[in-house]
Amino acid sequence: MKRLLLAVMLLLTSAALVPASQESPLRPFERGSWKELLHSHAGHPTLVHFWGVTCGPCKIELPELGEFMKHHPAIDVVTISADLVPNLAPATRSMLQNAGLSSAENWIFSDGFAERLRFEIDPTWQGDIPRTMLISSNGEITTIDGSAAPADLDKWAGEQAAPAK
């Protein structure tokens, strides 16, 4: 219990040390946010990553996504913290900052009815994370359940930059 308390205190402290000018706001993901997100990124290749602070594989994958964002500036990167446990904004911000994703477009589930939010995104999604949705410029969506291999993401990004045949 003491270790858990210490870990939470460290996360909260490190989140407070991040300069506000270097991070994008943590937007509340609520009913209608998915349509808003799709509309605002229409025509642009977009990687949407669903993750959570309590997800072990997510802790490994987030820094990989930070590297992906650095090497593929033409791809819009969006993260959505979709934890089923109470979402803690300070812990979420800290993890994003440590992964190099604080300048990405970042959202956090903020509706107590997470099932409704998941249904709006994909009626078949049961809530397992990590989950990545690759949205091409033409709106075609490819979903990766579980961890996404960096090589697969790089290949997809390269396909987005290639001229259509």
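Buried means under 20% relative accessible area, exposed means over 50%, and partly exposed lies in between, with a 1.4 Å probe and protein chains only. The model is predicted, so local features need pLDDT of at least 70 and side-chain atom pairs count only at pLDDT 80 or more, while totals for chains, interfaces and linings use all residues. Residues are numbered from 1 along each chain as its sequence is written, and side-chain values use heavy atoms, with hydrogens and water left out.

Charged pairs come first. Side chains of opposite charge can pair when their charged atoms come close. A salt bridge here is a side-chain nitrogen of Lys or Arg within 4 Å of a carboxyl oxygen of Asp or Glu. Searching the whole structure gives 7 salt bridges.

One of them joins the side chains of Arg-131 and Asp-145, at 2.8 Å from N to O. Arg-131 belongs to strand S5 (residues 131–135) and Asp-145 to strand S6 (residues 141–145), so the pair ties together parts that are 14 residues apart in sequence. Helices (H or I, at least four residues) and strands (E, at least two) are DSSP runs, numbered from the N terminus.

A network formed by salt bridges with shared partners contains Arg-27, Glu-36 and Glu-105. Within it, the side chains of Arg-27 and Glu-105 meet at 3.7 Å, N to O. Arg-27 lies in strand S1 (residues 26–29) and Glu-105 in strand S4 (residues 105–109), so this pair ties together parts that are 78 residues apart in sequence. Arg-27 is partly exposed, with a relative accessible area of 29%, and Glu-105 is buried at 18%.

A further salt bridge pairs Lys-70 with Glu-67, at 3.0 Å from N to O. Both residues are in helix H3 (residues 56–71), where a spacing of 3 residues separates them by about one helical turn. Lys-70 is exposed at 56% relative accessibility, and Glu-67 is partly exposed at 37%.

Helix H5 (residues 114–121) shows how burial is arranged around a helix. Its buried residues are Ala-114, Leu-117, Arg-118 and Ile-121. Viewed down the axis of H5, these fall within an arc of 95°, so they line one face of the helix; the arc is that of the directions from the helix axis to the C-beta atoms. The buried residues of H5 pack against S1, helix H2 (33–40), strand S2 (46–51), S4 and S5, where contact means heavy atoms within 4.5 Å.
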